[in-house]
Amino acid sequence: MSITEEIRRRRTFAIISHPDAGKTTLTEKLLLYGGAVQLAGSVTARKNQRATTSDWMELEKKRGISISSTVLQFDYDGYRLNLLDTPGHKDFSEDTYRVLTAVDAVVMVIDSAKGIEPQTRKLFEVCRQRGVPIFTFMNKCDRPMKNPLELIDELERVLGIGAFPVNWPIGNGPEFQGIYDRQTKTMHTFERVVGGKYRAPVTVGGLHDPAVRGSLSDAEFARTLEELEMLELAGETFDDAAVLAGKTTPVFFGSGVNNFGVQLLLDGFLKHSPAPKSRVMGGIEIAPENPAFSGFIFKIQANMDPKHRDRIAFIRVCSGKFDRDMTVHHSRSEKKVRLSSSHKLFGNERETVDEAFPGDVIGLVGHDSFGIGDTLTTDPKILYKEIPRFTPEAFSYLHNPNTGKYKQFRQGLDQLLQEGVIQALYLRNSSIKTPLLAAVGPLQFEVVQFRLKSEYGAESRLEAAPWNVVRWLPTDITEDALDGLSLPTGARLAYDLGKNPVILFQNEWSANYFNETNRNTPLSALPVQTVRE
Ligand SMILES: Nc1nc2c(ncn2[C@@H]2O[C@H](COP(=O)(O)OP(=O)(O)OP(=O)(O)O)[C@@H](O)[C@H]2O)c(=O)[nH]1
Ligand SMILES: [Mg+2]
């Protein structure tokens, strides 16, 4: 296959939404329908039940929520899919936002009973800014849901995006019969299978087929016909250009847990979603067909496999061809490195991969110098600056209560910091060597503590710190100038891990006060982006 054909068959996408809308469940069902697993697992797996492939972390299984994004690569119908399941909780949004830099499209999952929830809205905004095409899955149609017309209207009204219903739910909640495909004008009725482990049997027929109509009451049926007629009268057709421009979202209905509508979503998505495109960096356009290999690291994860206690750097290939053992330029160290240990990823499973093409996400092992945001390329002129940064809003000291285990504690914490699970700050002129953790949300503290214990055998104790706001100082500020600053009550100077000076404030008001009284020392909510920090 030529490189162009390889690029054309790649689909790299993330599943996003507010917590609990059903992303991981849908991911598992896409794997089932994509032939990548034979038996679907469950997020709420009990004894004798399989857990999902993407929530593989111990804490995820325990809590039934996703904490870390997962990469799943598989082949289906001639396509090579790189699917990324993301956590919905806002405390983990740093991870989710990094994933959004690595994908070419997203599937936005909506709980049909709830409509558009706050976190979905935020993630949608990021996708819109990046111009990422959005496909919508209205999930949980097996439960009493909002009126489908209302749901469509909400997309247009709340998110300001055009919505094109590709299919339509027939019956609502307990009466839910299946889905009417507006494109082929066929009705897909489903049967429930216990636990949704296997593909659901489907009957395809015309809308008026008595078998297809099932147990729908006359009133319910008449209402559905009316809705469908209204949609037809609106006269819209599937507009690929509008979808690719992010102006319209194709809408699919279904129920992930019951396997309803998953096949229609998968096939519809593959048909209409984009293959990898050019990326524009510093005014230069880098096409995927560019002969130079290039990609950037958007995620690092340690201890994915208890058998191999190592860390994997996830790279999104953007151009050229990756060959195992190739030598590339590493942006941060400005050194040449040989990439000998490369893997394709499927949850926490991995397999050596010899080549990869634009769109692929692969895992690289054995490079401690790699950090999030780094570019790897055979053309040192290419430099990606994709990774967003977040302002921490929660601060806590992390104590090691067990001096005998200092080594495990320190090593574990250093690894987790490198993964970007959390940030750390060090107070200036302080004898306290206890790390001060800085998080976007407090659940990140819990993850650090849990992983320190389970992966490194290190206990830890949190102590609330008295600050709530951090601001970065200009990077070129001198130590003397820092000595000369007069800080509001309770504020402290500190450094981030890149040795950039920051001020910790007790509250927003105090930060604003400093800003107004120190016009020559502008503060910023994020470190000034230096690629080689
Ligand atoms: N009734 C019903 N429940 C569903 C459906 N899909 C998922 N659920 C349930 O909704 C809950 C959350 O599902 P998850 O797949 O973990 O949701 P998520 O979006 O991955 O959650 P986070 O990753 O934590 O943000 C679980 O209890 C699922 O069983 C559905 O189609 N119908
Ligand atoms: Mg999940």
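**Ground rules**

Buried, in these notes, means under 20% relative accessible area, exposed means over 50%, and partly exposed is anything in between (1.4 Å probe, protein chains only). I'm working on a predicted model, where local features need pLDDT of at least 70, side-chain atom pairs count only at pLDDT 80 or more, and totals for chains, interfaces and linings use all residues. Residues are numbered from 1 along each chain as its sequence is written, chains are lettered from A and ligands numbered from 1 in the order in which they are written, and side-chain values use heavy atoms, with hydrogens and water left out.

**Entry: threonine 101**

I started with threonine 101, which counts as buried at 2% relative accessibility. I found threonine 101 in the loop between helix H4 (93–100) and strand E4 (105–111). For elements I use DSSP runs numbered from the N terminus: helices are H or I with at least four residues, strands are E with at least two. I then listed what threonine 101 touches, contact being heavy atoms within 4.5 Å. Not counting residues up to four places away in sequence, the list is Arg130, Arg279, Phe296, Phe298, Glu386, Ile387 and Pro388.

**Entry: the magnesium ion**

Which residues coordinate the magnesium ion (ligand 2)? I got Thr24 (OG1) and Ser66 (OG), at 2.0 Å. Threonine 24 sits in helix H2 and serine 66 in the loop between helix H3 (58–63) and strand E2 (70–76), so the pair ties together parts 42 residues apart in sequence. My donor rule takes N, O and S atoms within 2.8 Å of the metal (3.2 Å for Na, K and Ca); water is not among the atoms, so sites may look incomplete. Threonine 24 is buried, with a relative accessible area of 6%, and serine 66 is buried too, at 10%.

**Entry: the second largest pocket**

I ran the grid next. It is a 1 Å grid over the protein atoms alone: a cavity is a set of points where a 1.4 Å probe fits but cannot get out, a pocket is an open set with protein on both sides within 12 Å along at least five of seven lines, and lining residues have an atom within 4 Å of a point. Grid points are joined across faces, edges and corners, and a volume is the space filled by probe spheres set on the points.

The second largest pocket comes out at about 600 Å³. I count 31 lining residues, with Asp20, Gly22, Thr25, Val43 and Lys140 nearest the centre of this pocket. Helix H2 (residues 23–33) gives the most to the lining, five residues. By class the lining has seven nonpolar, 16 polar and eight charged residues. In this scheme Ala, Val, Leu, Ile, Met, Phe, Trp, Tyr, Cys and Pro count as nonpolar, Asp, Glu, Lys and Arg as charged, and the others, Gly among them, as polar.

**Entry: cavities**

How many cavities of 30 Å³ or more does the structure hold? I found two. Of its 17 lining residues, Ile67, Ser68, Asp95, Gly420 and Val421 are the closest to the centre. H4, strand E14 (294–302) and H12 each give two or more residues to that lining. The lining of the largest cavity splits into six nonpolar, four polar and seven charged residues.

The second largest cavity has a volume of about 30 Å³. Pro148, Pro169, Ile170, Gly171, Asn172 and Arg223 line this second cavity.

**Entry: the nonpolar core**

I took a nonpolar core as a set of buried Ala, Val, Leu, Ile, Met, Phe, Trp, Tyr and Cys residues joined through side-chain atoms within 4.5 Å. The largest one has 137 residues, and Val107, Leu155 and Leu376 touch the most other members. Helix H12 (residues 443–456) supplies the largest share of this core, seven residues. Leaving aside neighbours within four places in sequence, leucine 155 is in contact with residues including Met108, Ile110, Met138, Ile161 and Val251.

**Entry: positive phi**

Most residues other than glycine have a negative phi. I noted two positive cases. Lysine 185 has a phi of about 55° and lies in the loop between strand E8 (178–181) and strand E9 (186–190). Asparagine 429 has a phi of about 50° and lies in the loop between strand E25 (423–427) and strand E26 (436–439). Buried or exposed for asparagine 429? At 67% relative accessibility, asparagine 429 counts as exposed.
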